[in-house]
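The sequence and the structure are shown first.

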Amino acid sequence: MTKKYDVYALGNALVDTEIEVSDAFLERMDVGKGLMTLVDEARQAELIEALANEAEPRKQTSGGSACNTVVATRYFGGNSYYACKVADDATGTIFVDDLTAAGVDTNMNGPRGSGVSGKCLVMLTPDAERTMNTYLGISSQVSNAELDEAAIAASQYVYLEGYLVSGDSSRAAAVRLRQLAEKNGVKTSLTFSDPAMVQFFKDGLNEMLGERVDLLFCNEAEATSFTDTDNVDAALEALKPRCGSAVITLGADGALVWDGEQTHRIDPVPVKAIDSNGAGDMFAGAFLYAITHGHDFAAAGKLASAAAARLVSKFGPRLPAEVHQELRNAILGE
């Protein structure tokens with residue numbers, strides 16, 4: 001039976017503001033480099049004020065990790081749904097309009113509640129590392145009420161964003177989404193999202209994983225931290241009981257992809273990286289597109305590696321829609 005959606009994702013709804021900064025600025029403002037740090041509204045305002053002397057913001061775009069992933073899946077030619085929570089404010093309107101323009105279905109295209117929508121300050125250093133300070137706003141209240149069981153049942157995969165682990169209601173919603181997927185015979189996937197989530201919320205991630213998920217996404221730092229190992233091969237072996245398949249991204253060294261039987265080493269695509277923001281999200285979006293359209297894990301890894309490489313060679317967490325088509329045609333021959 002053909003499903004309406006390839007991917008149904010739950011995640012934080014954020015509008016990203018990107019700005020270039022120096023390492024000295026991060027040190028001066030006591031910002032943890034390379035991590036996603038949750039901040040309150042006052043701290044985010046303090047950073048924005050301090051940034052006025054650094055550089056002009058590049059742009060504002062709808063973001064959030066899983067949101068970037070489902071937009072990528074959509075741009076490659078798949079169908080996706082994004083469950084989230086934004087407020088009835090200007091930031092929320094930017095987010096929903098962006099999502100609608102990308103062709104992604106969402107639960108937020110009707111009446112929205114009062115409050116402040118989530119915002120993420122993405123600070124880019126000259127070495128292409130991205131550092132994020134996030135004020136979740138109303139997104140922290142995402143709950144079971146945002147889930148649509150009919151849409152979940154009409155999907156090939158659900159995708160859980162690891163960042164949801166940091167809040168009680170959002171973590172409970174992620175667990176409920178996994179359970180509804182399992183009830184309806186829908187495959188489950190989860191991303192650890194960030195090394196800080198593994199470091200500070202490991203118990204919660206274990207709760208989100210449950211006994212196992214069908215597909216796990218993580219990077220090398222997250223994999224070794226979660227499994228208390230010191231190399232990626234040992235980490236993969238330790239992760240296998242918790243998932244039916246796994247993807248471990250290795251940055252400039254490519255990726256390790258385990259399809260449940262064989263392990264495939266995915267070669268990197270050499271590029272000059274200028275902005276790593278969204279690379280893991282793009283990798284997951286490309287990978288999910290490929291495996292939901294009849295391609296094996298090796299081919300999916302090849303497409304995902306190429307897409308992530310193209311992304312980090314430019315500013316911003318997304319690629320134009322037409323670039324996805326070029327990559328799909330070149331690598332998958334579709």
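## Charged side chains

The chain carries 28 positive and 47 negative side chains, and the centres of these two sets are 4 Å apart. Lys and Arg are taken as positive and Asp and Glu as negative, while His and the chain ends are left out of the count. Each charge is placed at NZ of Lys, CZ of Arg, CG of Asp or CD of Glu.

## Basis of the model

This is a predicted model, in which local features require pLDDT of at least 70 and side-chain atom pairs count only at pLDDT 80 or more, whereas totals for chains, interfaces and linings use all residues. Residues are numbered from 1 along each chain as its sequence is written, and side-chain values use heavy atoms, with hydrogens and water left out.

## Overall form

The chain contains 13 helices and 14 strands; these are DSSP runs numbered from the N terminus, with helices being H or I of at least four residues and strands being E of at least two. The radius of gyration of the chain is 18 Å, close to the 20 Å that the globule rule gives for 334 residues, so the chain is as compact as a globular protein of that length. This radius is taken over C-alpha atoms, and the rule is 2.2 Å times the number of residues to the power 0.38. The C-alpha trace spans about 50 × 45 × 40 Å along its principal axes.

Of the 334 residues, 57% are buried (buried means under 20% relative accessible area, exposed over 50%, and partly exposed in between, with a 1.4 Å probe and protein chains only). The accessible surface of the chain is about 13,300 Å², and carbon and sulfur atoms account for 47% of that area; the Shrake-Rupley method with a 1.4 Å probe was used, and for residues only the protein chains shown count as cover. Among contacts with a separation of 6 or more, 76% join residues 24 or more positions apart, a contact being heavy atoms within 4.5 Å.

## Nonpolar cores

The largest nonpolar core comprises 52 residues, and those with the most contacts inside it are Tyr 8, Leu 10, Phe 192, Met 208 and Ile 248. Helix α6 (residues 168-183) supplies the largest share of this core, namely six residues. Apart from it lies another core of 48 residues, including Ala 102, Val 104, Phe 283 and Phe 297. A nonpolar core is a set of buried Ala, Val, Leu, Ile, Met, Phe, Trp, Tyr and Cys residues joined through side-chain atoms within 4.5 Å.

Met 208 belongs to helix α8 (residues 202-209) and counts as buried because its relative accessibility is 0%. Leaving aside residues up to four places away in sequence, Met 208 touches Leu 160, Glu 161, Leu 164 and Arg 178, among others.

Leu 10 is located in strand β1 (residues 5-10) and is buried, with a relative accessible area of 0%. With residues up to four places away in sequence not counted, the contacts of Leu 10 include Leu 160, Glu 161, Leu 164 and Ala 174. Leu 10 and Glu 334 are 324 residues apart in sequence and 29 Å apart in space, C-alpha to C-alpha.

## Positive phi angles

Most residues other than glycine have a negative phi. Asp 30, although not a glycine, has a positive phi of about 55°; Asp 30 lies in the loop between α1 (23-28) and β3 (36-38) and counts as exposed at 68% relative accessibility.

Asp 228 is likewise not a glycine and has a positive phi of about 55°. The loop between α9 (220-227) and α10 (232-239) holds Asp 228, which counts as exposed at 66% relative accessibility.
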